[in-house]
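Hi there,

Here is the structure I promised to pass along. Have a look, and then read on for my notes.

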Amino acid sequence: MIKTMLEQARRYPGLIPQFVFLGIGLTGATFYLIRLARGPHVTLWDKKNNPEPWNNLDPTYQYKFVAVNTDYKNLKKEGPDF
């Protein structure tokens, strides 16, 4: 495949910038996925030392998924009391 790309680049020099930008985009996407995989301190991929990191969190830990301006102190809590 790389051989074909080099042959095409020699035959059509206008494709060289397209190959360069394609490589930059793939590299950037790869680094971004690695950054996301390393993630916040709650998400750990250490299966040997801490297989269930969510059990170490305080029950009052405020998970924020979608809410933008929510006052968590005034919300009614449903579920078991710890």
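Below is what turned up in it.

This is a predicted model, in which local features need pLDDT of at least 70 and side-chain atom pairs count only at pLDDT 80 or more, while totals for chains, interfaces and linings use all residues. Residues are numbered from 1 along each chain as its sequence is written, and side-chain values use heavy atoms, with hydrogens and water left out.

The protein chain has two helices and zero strands (DSSP runs: H or I of at least four residues for helices, E of at least two for strands, numbered from the N terminus). Of its 82 residues, 4% are buried (buried is under 20% relative accessible area, exposed over 50%, partly exposed in between; 1.4 Å probe, protein chains only).

An unreviewed UniProt entry places a "transmembrane region" at residues 12–34; such annotations may be inferred rather than shown by experiment. That span is 83% helix and 0% strand, with its end C-alpha atoms 34 Å apart.

Val20 sits in helix H2 (residues 16–38). Val20 counts as partly exposed because its relative accessibility is 43%.

Best wishes
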